[in-house]
Amino acid sequence: MILRSIRVSGWRCFADAVAVGPFKEDLNVIHAPNATGKSTLFEAMIRALLDAHRVGGREVEALRPWGRQLTPTVTVEFAHGGHEYRITKRFLDSPSSRLERQEGGRFVSLAEAGKADDTVRAMLSRNAPGRGLSRPENWGLAQVLWITQGALALAALSGDLVSDIRSSLGQQVAEPSASPIEHKVEEAYLRIFTPGGKLRSGREAPPVAQLGEKLEAARAERAVALARQRAYEEASRRVEELRAARAQARYDAEAIGEVLKGTRDRAELFQKLTSDRNRGEESLKAEEARYADLKRRMEDIAASRTEMAEVAGSIREIETDLPLHERELRQRDREAEEARSSLEDARRDRPKVDAARELAEQARLFAENARALDALEDTLRKVAAALEALDQRKRERGELVAPDDSTLNAIRKAVKKRDEAQILIESSLIALEVVSEKHGRLIIVTGEQPGEVELSPGIPARVTGSPEVVADLPGLARLRASGPAGSVGEHRAARAEADRELQRLTRPFATSDLESLEGLIEKRRALDKSIGDAENQVETWLSGRTLDVIQRQHSELQAIRANIIQDHPDWQKTPPDPPALKAAADAASQAFVGRVEKAESDWDGAQKALDAARKSAGQLGSRAEAARTMTRSLETRLAELTADGKSDEQRAVELKGIALSWDAAKAKLEETDRKLSEFKDNPVDTADRLQRQLQGAEEAASQARDAEKTEEGKLMTLGAEGTYSLLAVLEEKVAALESEVAAEELRAGAIRLLRDTLVDCRARAVAAVAGPVESVATQMIQRIAGGRLGRLHLGDSFEPAAVVPESSGEGVSLEAVSGGEREQIYLATRLALAEVLARDERQMVVLDDVMTFTDAGRMARVMAILEEEARRLQIVVLTCHPERYRGLTGAAFLDLDALVHNARP
Amino acid sequence: MAAKTSVRRRTDLRFPGKHDRARITSRYGNDRKGADAAVKLIHTADWQLGMKAAHVGGAAPRVREERLAAARRVVAAAREQGAELIVIAGDTFEDNGVERALVQKAADVLGSSPVPVFVIPGNHDPLTPGSVWEHPAWKTMEHVHVLREQKPIDVPGGTLYPCPVKDKRSRKDPTAWITPAAGDAIRIGLAHGTVEGVQQPEPDHPIARDAAGRAGLDYLALGHWHSTSVYPAADGAVRMAYCGTHEATGFGERDSGNILMVEIAGHGAAPMVTPLRTGGLTWKVFEKDLRQPGDLAGVRQVIELHQDADTTLVELRVRGLLAAAERDELERIREILASRFPFHRVDSSGLRPSPADSGWLAGLPPGLLQGLAARLQELSDPGYAGNRPQGGSPEAASRALMELYTMITEASR
């Protein structure tokens with residue numbers, strides 16, 4: 001189908017009738033600014049060709065121009081199947097539809113109303129819209145051929161169109177009869193699986209899923225039943241164990257009881273023997289004690305007597321030695337007294353020695369004081385001289401009147417000014433120099449110093465003046481010298497000023513001679529330096545002290561000297577010899593010390609000897625006293641020991657008797673011990689232990705009985721449940737379900753395999769079919785964009801799915817491609833499909849404002865392709881940029897804006 | 001289905017020595033006719049009441065019920081045959097955890113016996129705490145004796161030496177306590193275990209092969225194994241025997257569904273052992289290797305002609321090549337099995353599409369369907385060495401091919 005013309009009225013922005021056409025069979029560009037109605041025109045064409053005239057709803061109401069109650073009407077003339085047609089439709093108000101066909105050069109009615117709608121729609125699509133306006137999926141071939149604004153992307157095409165494309169390609173992907181089978185397969189598959197391949201769930205779950213759920217539930221129930229059966233078995237085992245434990249505990253208790261009985265008998269005997277042994281031990285100890293006691297008494301008596309004799313002997317010895325000790329003591333006492341006296345004598349010389357030392361010390365102090373005093377006086381003298389010198393220099397300095405440096409500089413400047421002025425004056429003056437050869441007179445008539453000047457031979461006489469100098473040589477000539485009139489007056493004034501300044505500056509110094517003045521300055525400087533030197537000298541002699549301090553120190557030293565002289569008046573005339581006095585004092589001291597040390601040593605020795613003698617005598621006395629005390633004590637003890645009134649013989653006899661008793665007791669005890677040693681253990685402890693064990697065993701038996709009862713209760717409860725029977729039923733149920741599930745899984749697996757294999761086979765077939773379209777589209781893309789994108793890959797429904805760059809060999813989603821290249825891909829795919837669809841008949845391709853992201857370079861290539869495709873297709877471009885398409889050779893450009901304006905009354 | 005109330009002698013079972021009730025040969029040391037036997041007893045065991053029957057799906061309750069019905073037939077057999085006692089050699093119940101109502105029912109069945117019943121616990125229902133033997137029902141039946149100790153007791157016609165089982169597993173010979181004794185009383189042993197010589201992973205209540213002779217028993221009634229088996233002594237006399245389970249428990253079980261009627265003329269006489277059928281259900285396996293068209297139809301005919309379908313559990317195993325056209329036949333067989341038999345299972349995992357059946361594939365129009373069918377046929381070949389997609393097992397591919405065939409066939413109608 002190709003478009004011839006279109007006329008709209010009462011349609012959105014087209015309130016008045018607007019006719020666009022005739023369209024060329026190849027290239028057409030409808031251009032207008034935005035909001036003129038390009039897309040509206042396109043829409044009107046779609047409604048005319050694809051929608052029912054009676055369609056209603058808000059979308060259709062919106063076709064009316066705003067604020068107007070006009071009836072949207074559209075008329076489209078087109079060619080299809082070798083015939084020319086005209087379809088006219090009115091919407092909303094008195095909707096109508098009329099199809100006409102050109103016969104014999106004029107249009108005659110072919111169909112009306114619904115028939116007209118259906119006939120026209122069938123030329124493009126087999127898929128009528130439902131309620132409302134048609135959508136692209138209802139457009140049939142136009143899905144590919146007509147591209148509305150912003151809808152260049154090519155989604156999956158409707159099944160009918162895909163079939164049409166395939167059939168147009170002349171290849172059978174599937175025989176006609178395959179489609180019902182494909183549907184059946186798909187239906188069977190979708191009854192079991194979701195389109196994503198997962199098992200359906202919920203209300204739509206297939207038997208395999210439902211059975212699976214039942215199986216899971218049954219398995220869960222079985223697990224619970226199995227747990228109960230295991231619990232039952234475990235309870236039975238537990239009861240068995242507890243019974244065995246109780247029986248064992250009972251056996252243990254009986255066994256322990258038997259042993260306990262025997263042990264108790266043994267324990268009784270053991271206790272009796274133990275009691276006998278205790279008694280025997282006591283008897284033995286008693287006899288032993290008696291024996292020991294008597295023996296000790298006898299020994300003590302003997303010992304006491306022996307000791308008494310010894311003590312008496314000691315007393316006699318002491319009494320013999322005592323006088324000797326007393327005599328020694330007296331001797332030592334005398335010697336100590338003598339030594340003490342010698343020591344006192346020696347010590348009496350101390351004051352003399354001290355006095356000599358004191359004298360020597362004073363002499364030393366006197367000498368030192370004298371030296372210090374001399375030093376201070378010398379310092380004072382020097383300081384006084386330095387101060388005198390300083391004062392002198394200061395006086396000289398005070399008398400000297402000399403200019404300072406700045407004044408000297410000012411004087412120099414004034415002199416310089418004066419001299420300069422003088423030079424200027426001299427240079428301004430006319431100078432006449434007369435050198436006479438003989439004596440004469442020169443009369444200065446005009447000049448600086450008019451008057452007469454005596455001339456001497458060879459001696460020049462200079463006359464200056466300004467502006468002229470006139471001098472007469474009497475009788476000879478009048479000399480006149482003139483020169484340029486200069487400013488002698490100014491120079492003279494300057495010199496006078498300089499003289500005045502000079503005088504002012506030099507008045508205090510009584511000379512203006514610069515050399516003299518410089519001399520004065522030198523002198524001043526020298527005086528200043530000598531004052532500085534004098535001050536330094538004073539500081540040097542003072543050494544950081546003040547004069548007052550030195551004088552004070554001097555006074556102190558003088559006072560010390562006076563004090564010493566007061567003690568030693570003769571020193572004033574004859575100073576002492578401190579070293580000699582010191583030596584004498586040292587000698588006296590040494591002699592004194594020697595004597596005293598000897599005397600002290602002698603005394604110390606005598607005193608020690610005296611102390612030793614006293615100690616010895618004292619000890620002897622103490623020994624004697626102790627011996628006497630011991631004697632008394634021994635006598636008392638002996639009396640106590642013999643208080644029993646027995647003789648030694650009697651005691652000896654008694655001792656023997658006690659020994660015999662003791663032996664008897666020992667023998668009896670040994671016999672008892674022997675009997676006790678026959679016991680390997682302590683049967684009393686053993687009986688206690690056995691008693692505790694018996695209690696434990698009885699307790700264990702009781703606990704086992706209680707536990708057994710408890711477990712028996714549980715066992716009975718579980719037994720009453722019939723756990724095995726319940727488990728058996730559930731296991732049967734699980735087995736049955738597993739069998740069913742297996743069968744269903746086999747069926748589901750077979751259906752999945754059938755479907756997947758079908759899909760695979762179809763994909764291969766489609767691939768074979770889609771190959772040509774892919775090839776054409778790929779060529780177009782590579783012409784537009786170059787080889788970078790590689791090969792285009794189409795999906796099952798001919799939608800562009802990916803590009804396969806040669807560099808990677810792997811598919812790249814279109815999402816990864818730039819927006820411009822993506823729209824180029826879509827355009828190429830649509831044009832390749834359009835080629836297929838236009839094999840039998842030229843078809844119209846509408847491009848409404850597409851290629852917005854394509855640059856000018858690639859746009860040129862796109863237009864070249866459009867020109868080529870225009871050989872097979874009618875291409876209608878809607879654009880607000882006609883300049884982009886000016887490159888299209890042979891294209892018809894229709895200015896919609898102009899058409900609209902022309903259409904207005 | 002009504003339980004059978006009469007039992008029939010198993011004439012198909014032939015023991016060494018071939019005992020016939022009418023002919024008691026001297027070879028067994030006793031010329032007395034069976035009617036004059038000193039003791040006639042019914043030997044049964046392994047009733048496995050309450051057993052799980054997961055292998056028969058929804059027929060499990062029926063299978064369990066039949067076991068109780070068979071128990072009634074045992075009691076009826078005792079009545080009919082004039083037995084003096086019934087001995088049950090263990091495993092009366094499948095587990096000590098069976099529902100207590102079943103215990104009561106079993107006790108009621110045994111309680112209806114006209115003669116004393118002597119029961120020992122087996123390894124499935126050992127004498128453990130909480131066992132079925134603690135049910136109070138056993139105390140109400142004076143003539144039903146649950147033997148709990150290894151102690152000889154007097155029974156009509158002789159002395160019974162019971163060997164009750166007290167553990168699920170044991171390596172001890174339960175008959176070891178029986179020692180020969182003097183006297184003329186007929187000595188009958190009652191034990192549950194495995195006679196030496198039967199292959200098993202580890203000893204399980206082992207019983208010496210010569211236990212009867214060693215213990216001086218005239219007859220040792222055994223339980224544990226479900227097939228009827230006898231153990232002749234050196235003199236050919238059958239003194240040890242397994243009666244087998246009174247009702248078969250599964251497909252392929254040999255010689256089960258029986259009890260033994262044992263007649264002993266006197267102490268030392270060779271017992272006359274006669275198997276009696278008590279089983280009510282038949283566990284039938286049909287197997288067929290399909291090689292040519294029509295084989296499956298033959299299977300169907302056999303199934304259709306099978307008698308007593310209402311008491312037969314069927315397992316059908318078909319292998320081989322299945323033509324697409326025969327798929328309906330297979331479905332027909334399933335329908336017959338489902339409608340007539342209480343249980344059926346069809347194992348057709350060994351079926352493969354017949355190569356000669358590629359005719360229907362060739363008949364498909366070239367294109368998608370033909371390619372699809374060819375691919376599935378390729379995958380259905382177990383020997384296909386190419387790339388198998390996930391889920392593309394030969395069985396799944398065969399089934400998928402059948403599904404495709406069905407869809408195409410339905411679409412063509």
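User: What conventions and confidence limits apply here?

Analyst: The model is predicted, and local features need pLDDT of at least 70, side-chain atom pairs count only at pLDDT 80 or more, while totals for chains, interfaces and linings use all residues. Residues are numbered from 1 along each chain as its sequence is written, chains are lettered from A and ligands numbered from 1 in the order in which they are written, and side-chain values use heavy atoms, with hydrogens and water left out.

User: How many helices and strands does chain A have?

Analyst: Helices (H or I, at least four residues) and strands (E, at least two) are DSSP runs, numbered from the N terminus. Chain A comes to 20 helices and 20 strands.

User: What share of chain A counts as buried?

Analyst: Buried means under 20% relative accessible area, exposed over 50%, and partly exposed in between (1.4 Å probe, protein chains only). Of the 905 residues of chain A, 39% are buried.

User: Where is A:Gln362, and which residues is A:Gln362 in contact with, leaving aside its neighbours within four places in sequence?

Analyst: Contact means heavy atoms within 4.5 Å. A:Gln362 sits in helix α8 (residues 350–399) of chain A and is buried, because its relative accessible area is 18%. Leaving aside neighbours within four places in sequence, A:Gln362 contacts A:Ile564, A:Asp567, A:His568 and A:Trp571.

User: Which side chain makes a polar contact with the side chain of A:Gln362?

Analyst: A polar contact is a pair of N or O atoms within 3.5 Å; within protein, one must be able to donate a hydrogen and the other to accept it, and residues adjacent in sequence count only if both atoms are side-chain atoms. Here the partner is the side chain of A:His568, at 2.5 Å.

User: How much area do chain A and chain B bury between them?

Analyst: Buried area is the accessible area (1.4 Å probe) that two parts lose on being put together, summed over both. Chain A and chain B bury about 3,300 Å², 67% of it on carbon and sulfur atoms. A:Tyr724, A:Glu732 and A:Leu753 supply 19% of the area that chain A buries against chain B, more than any other three residues. The contact takes 41 residues from chain A and 45 residues from chain B.

User: How many salt bridges are there between chain A and chain B?

Analyst: A salt bridge is a side-chain nitrogen of Lys or Arg within 4 Å of a carboxyl oxygen of Asp or Glu. The count between the two chains is three. B:Lys52 forms a salt bridge with A:Glu731, with the closest N and O atoms 2.2 Å apart. On the side of chain A that touches chain B, α17(A) gives the largest share, 20 residues.
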